[in-house]
Amino acid sequence: MGTGVGCAIITIVLSVLLTAGFAAGAVNVSGEGLIVTDTGYPGGSVTIIEVIKNSGDSSTESEQVTYYLVNESASDASPVPIGTADLTPISSGGSYSAAQTFLLPINMADGVYTFVREIMGTDIRTSSGKTIRISDATRPSGSLPDLVGLGVIAPRQVSPGENIRVIGAVGNNGGGDAGRFTVDFYLTNRSAVIAEPLLLGTWDLESVPAGGQATTTRSFIVPEAATPGEYGILMDVDPSGAIPDTDTGNNDWYREGVIGVSGPTITLTPMTDMVITTSSQIVVVPVNNSSISDVGSLNTTTILDSVYQNVSEIS
């Protein structure tokens, strides 16, 4: 699995956003996942990708969010603000997604930092539970690209044949620009006896500059061959080896248990009439006939006897 080593990308999705001032009335806001790369350097950039869903029956309000990094290596360190974002209202049943890039302070001290966010007016800072190691030693060097898979955001529950939205991010941590290459997205289920991995789709990139990154939002169809179970996602970066990469070992990104695939939904329609063919006519006998109204307490023989009796009386 690859991690950001240079121009770090932090890919974030809210895990908890039920704080005062944002969750009110029938608003029900939640995140669709959480991905954070683990390295960066002073003066480098960080990209934050957020996907927020409102499952409530009322729209959210516009809010401003401030992002911080807190140095866990120093017990008395103050949170370092790295930027703000304006969240647009999310309608009932809708979602919000955005990718924004911020620069880290040039004088940022080396250390292990926790990524936190704060909703304007609440004075409540919510930790992502993820950390990023800041060190000047991770600054891009050399003359070749170094592609790295940074993460994937996908729905938690899907069905075979369903059209789903997938967000992916890759970075170039090397000192040289990367030209055109592709990224393949796969579903993997090690517990299922199937030919895996199952290809979701491909992302074709024109280029990624040295120390830069790229993100995409794409629609994929869940393969019909996906049997029910818990699936991981594999992002295979530059599978054809088109880029002269300094470290191909960090190209791919993989997580287990990202997507749950459910089985097909079977709807049973209660039978209201029975059609019986005789030698001379078709007779329709209502199942709720008074003589067999308590179907639940009768066995098959009793029900058939009652039906034949009704047919005899009608004839």
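Here is a walk through this predicted model, from the whole chain down to its strands and cores.

Residues are numbered from 1 along each chain as its sequence is written, and side-chain values use heavy atoms, with hydrogens and water left out. Because the model is predicted, local features need pLDDT of at least 70 and side-chain atom pairs count only at pLDDT 80 or more, while totals for chains, interfaces and linings use all residues.

Let's start with the whole chain. The protein chain has one helix and 19 strands (DSSP runs numbered from the N terminus: H or I of at least four residues for helices, E of at least two for strands). Of its 315 residues, 44% are buried, meaning under 20% relative accessible area, with exposed being over 50% and partly exposed in between (1.4 Å probe, protein chains only). Take the contacts (heavy atoms within 4.5 Å) between residues at least 6 apart in sequence: 72% of them join residues at least 24 apart.

Now for a sheet. Five strands form an open one, in the order E11-E17-E16-E13-E14, with mixed pairing; two strands pair if DSSP finds at least two bridges between them. At the edges sit strand E11 (157-158) and strand E14 (198-205), each pairing on one side only. E14 runs antiparallel to strand E13 (residues 181-188), and seven bridges join the two. Along that pairing, Val-183 stands opposite Trp-203 in E14.

Next, look at E12, strand 163-172. Eight of its 10 residues are buried, so to speak mostly covered. E12 pairs with E10 in the antiparallel sense over six bridges, and there Gly-151 faces Ala-169 in E12. E12 also pairs with E15, again antiparallel, over nine bridges, where Val-170 stands opposite Ala-214 in E15.

Val-170 and Val-183 turn up again in the largest nonpolar core, which has 30 residues; along with Phe-181 and Phe-185, they have the most contacts inside it. A nonpolar core here is a set of buried Ala, Val, Leu, Ile, Met, Phe, Trp, Tyr and Cys residues joined through side-chain atoms within 4.5 Å. The elements giving two or more residues to this core include E10, E12, E13 and E14. Apart from it lies another core, of 19 residues, with Val-65, Phe-102, Leu-104 and Ile-119 among them.
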